[in-house]
Amino acid sequence: MEGSEEMPDGIPDDDQAAHQGRCSLRGALAAVVGAAVIVGTAAAVPGALADPPDPAANEDATAEAGAEAGAGARGLEPAVDFAMSHVGDAYALGGAGPHRWDCSGLVQQAYRRAGVRLPRTAADQYRASARISRKALRRGDLVFWSSDGRASGVHHVAVYLGGGRYIEAARPGTKVRISAFSRYSPNLYGRPVAR
């Protein structure tokens with residue numbers, strides 16, 4: 001045994017080698033499990049870290065799994081970049097570019113740059129997106145405002161940036177801007193799906 005490690009009380013001296021082997025085995029197992037967690041391959045050790053999720057426990061599980069197969073997997077950064085390049089442009093009702101936008105016109109043109117075809121209106125863009133929960137939001141997703149919590153009430157859309165911030169073409173008299181949930185919080189969320 002190493003000089004700093006002492007035998008626990010109750011282990012006879014002739015079992016020291018066996019105890020040291022068990023400690024080494026436990027240390028190696030801990031290192032393997034720790035490495036699996038770090039590199040995201042814990043699934044290679046079934047049941048080692050947690051029970052499999054119960055699909056019935058999360059209403060959004062199916063929609064979120066479908067959303068993973070959508071445009072999010074291919075990357076929506078070109079859409080974010082396009083929207084960011086138009087911060088400061090004027091708002092225009094029905095505007096779809098090149099430097100005058102309404103909310104859905106900006107979103108439609110931005111996602112076209114990422115290879116995603118979206119309809120023209122905010123309500124139809126919500127219908128064309130995979131539903132996700134607020135906690136599942138990631139950069140490039142869409143955030144929506146609805147008066148009735150359904151697609152029929154959707155009246156505004158913006159591009160999510162992360163950290164509770166989004167890019168929007170808000171309303172007449174404003175410019176395309178970056179805003180935050182603390183200022184005007186959405187109530188529906190979607191992930192654009194490649195078509």
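Colour the predicted model by pLDDT to begin. The chain averages 75, and 62% of its residues reach 70 or more. Now select residues 1–74. Their pLDDT is below 50, yet this stretch has 44 contacts in the model beyond near neighbours in sequence. Where pLDDT is low, the predicted coordinates should not be read in detail. Hide the stretch if you like, and move on.

**Stop 1: two helices.** Select α4 (77–85) and α5 (residues 103–112). They pack at an angle of about 135 degrees, and their axes are 7 Å apart. The pair is therefore oblique. The crossing is right-handed. Show side chains at the contact. From α4 come Pro 78, Ala 79, Phe 82 and Ala 83; from α5, Leu 106, Gln 109, Ala 110 and Tyr 111. By class, that makes 7 nonpolar residues, 1 polar and no charged ones.

**Stop 2: His 86.** Follow the chain into the loop between α4 and β1 (90–91), where His 86 sits. Is His 86 buried or exposed? His 86 is buried, because its relative accessible area is 9%, under the 20% cut-off. Leaving out residues up to four places away in sequence, display what His 86 touches: Pro 98, His 99, Trp 101, Leu 106 and Val 176. Leu 106 also belongs to the α5 side of the helix contact.

**Stop 3: Val 154.** Jump to strand β5 (residues 154–162), which holds Val 154. Val 154 counts as buried, at 10% relative accessibility.

Note on methods. Residues are numbered from 1 along each chain as its sequence is written. This is a predicted model: local features need pLDDT of at least 70, side-chain atom pairs count only at pLDDT 80 or more; totals for chains, interfaces and linings use all residues. Side-chain values use heavy atoms; hydrogens and water are left out. Helices (H or I, at least four residues) and strands (E, at least two) are DSSP runs, numbered from the N terminus. Buried means under 20% relative accessible area, exposed over 50%, partly exposed in between (1.4 Å probe, protein chains only). Contact means heavy atoms within 4.5 Å. pLDDT is the predictor's confidence in each residue, from 0 to 100. Axes are lines fitted to C-alpha atoms, for helices over the stretch in contact, and angles run from 0 to 180 degrees between N-to-C directions. Angles under 35 degrees count as roughly parallel, over 145 as roughly antiparallel, 65 to 115 as roughly perpendicular and the rest as oblique. A crossing is left-handed if the near helix is turned anticlockwise from the far one by less than a right angle, and right-handed if clockwise. Ala, Val, Leu, Ile, Met, Phe, Trp, Tyr, Cys and Pro count as nonpolar, Asp, Glu, Lys and Arg as charged, and the others, Gly among them, as polar.
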